[in-house]
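Welcome, and thanks for taking a look at this one. Below is a short tour by topic, to read alongside the coordinates.

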Amino acid sequence: MTSPNFQPKWTCKYRRPKTPLEAQDLYNHIRTVAFLLDASSQWFIPVFPFLASLPEEMQFGLDSVVGAALPAAGDIIGLFLGLYQVLLSMLFGLPFNVVGFMIFYIIADAFIGIIPFVGDFLDVAFKANLYNLRLLERELKKSRWATAVIIPQYTDWIPRPKKSNSKSRVPRWRDMFG
């Protein structure tokens, strides 16, 4: 089941879902949080146009930005933001082993980010929040919510920047060099 019109959900009810609509809203909120923490660099392109030349695989999010801007403290903030996503995921009644893996990924991401200089680059490569989203999706497909929650494709994230006419588009690296 995919949805070409995934819409971000900025808030949710902080309780176990009781209806399919509540389950979808909770899932959409968790997906929005994961995207913002690990893959929202598209939103920085209007401010930093050179980011448009980066390959799509090199997405980064607020977790990486805060970790780079505030050494050590930023990674602790990222840890708590990641734990927020895990707590929301637990509302679906995930098994303890899945929650354990989620917490392991978040802690590993924080420790990777603490490494001076190299940690900032590795933090961009290691996307704990997106891994946790995939774990949640795998469990949702096996749960009672399997028929109620629509899980979009991985490429169907939060609304991308609107494409305007080609004259005002920022050239991408591969457009300039073949």
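## A buried glutamate and its surroundings

Glu139 has a relative accessible area of 15%, under the 20% cut-off, and therefore counts as buried. Please keep in mind that this is a predicted model.

**Around Glu139**
- Glu139 sits in helix α6, which covers residues 128-142.
- Leaving aside residues up to four places away in sequence, Glu139 touches Leu94, Pro95 and Val98.

**How α1 and α3 pack**
- Helix α1 spans residues 20-38 and helix α3 spans residues 73-90; their axes come within 10 Å and cross at roughly 160°.
- Angles over 145 degrees count as roughly antiparallel, so α1 and α3 run roughly antiparallel to each other.
- The crossing in which α1 passes α3 is left-handed.
- On the α1 side, the contact is made by Leu26, His29, Ile30, Val33, Ala34 and Leu37.
- On the α3 side, the partners are Leu81, Gly82, Tyr84, Gln85, Leu88 and Ser89.
- Sorted by class, this contact of α1 with α3 holds eight nonpolar and four polar residues, with no charged residues.

- As background, most residues other than glycine have a negative phi.
- Which value does phi of Ala72 take? It is near 65°, a positive value in a residue other than glycine.
- Ala72 belongs to the loop between α2 (62-69) and α3.
- With a relative accessibility of 39%, Ala72 counts as partly exposed.
- Phe117 also has a positive phi, of about 60°, although Phe117 is not a glycine.
- The loop that holds Phe117 lies between α4 (96-114) and α5 (118-125).
- Is Phe117 buried or exposed? Its relative accessibility is 70%, over the 50% cut-off, so Phe117 counts as exposed.

**Annotated segments**
- The unreviewed UniProt entry places the feature "transmembrane region" at residues 76-96 and 102-126.
- In the model, the chain over residues 76-96 is 76% helix and 0% strand, and the end C-alpha atoms are 23 Å apart.
- Over residues 102-126, the chain is 84% helix and 0% strand, with the end C-alpha atoms 13 Å apart.

Conventions:
Residues numbered from 1 in each chain as written. Predicted model: local features only at pLDDT ≥ 70, side-chain atom pairs only at ≥ 80, totals over all residues. Heavy atoms only, no water. UniProt positions renumbered as here; feature names shortened; annotations may be inferred. Helix = DSSP H or I, 4+ residues; strand = E, 2+ residues; numbered from the N terminus. Axes fitted to C-alpha atoms, helices over the stretch in contact; angles between N-to-C directions. Parallel < 35°, antiparallel > 145°, perpendicular 65-115°, else oblique. Left-handed = near helix turned anticlockwise from the far one by under 90°. Contact = heavy atoms within 4.5 Å. Nonpolar A, V, L, I, M, F, W, Y, C, P; charged D, E, K, R; others polar. Buried < 20%, exposed > 50% of the residue type's maximum accessible area, 1.4 Å probe, protein only.
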